[in-house]
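Please review the structure shown below together with its sequence.

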Amino acid sequence: MKRKGARSLAFFVCLAAIAPTVQGCGEAPDGKIEVEIVQYKPEAANYFKTVEEAFNASHDDIHLTISSPNDAMAILKTRFIREDYPDIIGIGGDINYSYFVDADILADISGYAGMQDVNEGYLDIAEALELVPVDGTYILPYAANAAGILYNREMFEAHGWQIPETWEELTALCDEIAAEGILPFYFGFKDIWTCLAPWNAMAVELAPSDATKQVNKGLTTFTKEYGELSEKYLALLPYGPDDPFAYSYNDACTAFARGESAMYPIGSYAAPQILSVNPDLKIDSFVMPASDAADGRTLNSGIDLGFCVTAACENKEAAYEVLDFLYADENLQKYIDAQTSVPCKKGTFELSTLLEGMSEFIAGGNMTDYQDHYYPSEMSVDALLQTFLIEQDKDAFLKNFDTSWQRYNRDIIRMVQEYEAAQKSAE
């Protein structure tokens, strides 16, 4: 049996304390129903400005306001503490979404008709993000990104290199590329968050998708589940620049754009930055082959942006009308084009050519979420990974991961284990 949510604002109250004061948008002009959206992707602010203008121009009874602040999550957490809720929030499918579901901040939108159009794979991903199972559906998945390996298509074609499907084929390809005097990979590990990209892309094949939940239940450890993943991550380093920690994300994007490496293990979100340096670069991608078998593979993809109606929203029908507008094929296509994204909606959409190598996985709903979407930000797993890659002490890293997890997840672990005990008692 699933449970109803239980308020747990303590998860983020400490972060909210440092956020700026925010006022609500006030009454709508001309007696219209006011619908307010706060969304967390400032890089998409121009898109949402056009959405706001188009919606307001075509609706006489609803006035829509969309804000795209740089510090959206801090602002949202402050407003939640003060019980000053926007009607709709646009957030990613990560640990913050998990907290908001658990705190009963979000409304169950399983009755929204647009849910029938969502790619089932992303609904499964959303459900898996729940700290413990709850009744209902709380997010409309809008757009996703995909992570694996970007590659220089013209370089591959010129050399006759084949796309690898297993770990052995990948390392053999890297050896072949290096033998021709070309750098196989570029890394930008000076920016610690980039250390998560190869980690996540390999983890979907090398670690259980529910590894964090199994650890929370006390059934396993990260030392057990992340051992092979850690070893193979270290094995990638010799195929990159001599000092990958000297280069930032921008450095790595620029180097790849200029043909200084054949491949770049990063997500599709990097494409705009790369193409801003070299608009003529022909980029394609493939799923990171981390396992020893070609079958049973899956794409590392998660909900990059989804829309949630807050429980405090006074007019759900108006909110659903806004969701209808956002979810219209023509508007979603504009977002896909602007952000090089993957649609979470079923249907025929034109994707960027750099996603061609992943299209089969996307169309089939064969995707697995990022492991770091389950990691608490306070644990700074990206920093742990950077230290691991520098020191290359696997045992110390895994021990630290287990210790840190118990420290930063004690409340969640307690809640999960209490839930599991209650379920067994009810059987």
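The model is predicted, so local features need pLDDT of at least 70 and side-chain atom pairs count only at pLDDT 80 or more, whereas totals for chains, interfaces and linings use all residues. Residues are numbered from 1 along each chain as its sequence is written, and side-chain values use heavy atoms, with hydrogens and water left out. Helices (H or I, at least four residues) and strands (E, at least two) are DSSP runs, numbered from the N terminus. Burial is stated as relative accessible area: buried means under 20%, exposed over 50%, and partly exposed in between (1.4 Å probe, protein chains only).

**Salt bridges**

- A search of the whole structure finds 14 salt bridges, each defined as a side-chain nitrogen of Lys or Arg within 4 Å of a carboxyl oxygen of Asp or Glu.
- Side chains of opposite charge can pair when their charged atoms come close.
- Asp284 and Arg153 meet through their side chains in a salt bridge, at 3.0 Å from N to O. This pair links distant parts of the chain, with Asp284 in strand E7 (residues 283-286) and Arg153 in helix H6 (residues 153-159), 131 residues apart. Asp284 is buried, at a relative accessible area of 5%.
- Glu205 forms a salt bridge with Arg297, and their closest N and O atoms are 3.1 Å apart. Because Glu205 lies in helix H8 and Arg297 in the loop between E7 and strand E8 (299-309), the pair ties together parts that are 92 residues apart in sequence. Glu205 is buried at 16% relative accessible area, and Arg297 also counts as buried, at 10% relative accessibility.
- Asp411 forms a salt bridge with Arg414, the closest N and O atoms lying 3.0 Å apart. Both residues lie in helix H19 (residues 410-426), three residues apart, or about one turn of the helix. An α-helix has 3.6 residues a turn, so residues three or four places apart point the same way. Asp411 is partly exposed, with a relative accessible area of 42%, and Arg414 is partly exposed, with 44%.

**Surface charge**

- Asp60, Asp61, Glu321 and Asp324 gather in a patch of negative charge on the surface.
- Patches are made of residues with over 30% relative accessible area and no salt bridge; like charges are joined within 9 Å, and nonpolar side chains (Val, Leu, Ile, Met, Phe, Trp, Tyr) within 5 Å.
- Lys and Arg count as positive and Asp and Glu as negative, while His and the chain ends are not counted.
- Asp324 is placed in helix H14 (residues 316-327) and counts as partly exposed, at 43% relative accessibility.

**Helix H11**

- Helix H11 (residues 227-236) is largely enclosed by the rest of the structure, because seven of its 10 residues are buried.
- The buried residues of H11 are Gly227, Leu229, Ser230, Lys232, Tyr233, Leu234 and Leu236.
- The elements that cover these buried residues include helix H7 (167-179), helix H8 (196-206), helix H10 (222-225), helix H17 (381-391) and helix H18 (394-408).

- Ile66 lies in strand E2 (residues 62-67) and is buried, with a relative accessible area of 12%.
- Ile66 touches Ile37, Gln39, Phe48, Val51 and Glu52, not counting residues up to four places away in sequence; contact means heavy atoms within 4.5 Å.
- The C-alpha atoms of Ile66 and Ala45 are separated by 8.8 Å, the two residues being 21 apart along the chain.
- Glu120 lies in helix H5 (residues 120-128) and is partly exposed, with a relative accessible area of 48%.

**Positive phi angles**

- Most residues other than glycine have a negative phi, and most peptide bonds are trans.
- Asp104 has a positive phi, near 60 degrees. Asp104 lies in the loop between helix H4 (95-102) and H5 and is partly exposed, with a relative accessible area of 28%.
- Gln392 has a positive phi, near 55 degrees. Gln392 is placed in the loop between H17 and H18 and is partly exposed, with a relative accessible area of 46%.

Note on methods. Accessible areas come from the Shrake-Rupley method with a 1.4 Å probe; for residues, only the protein chains shown count as cover. The place of a charge is taken as NZ of Lys, CZ of Arg, CG of Asp or CD of Glu.
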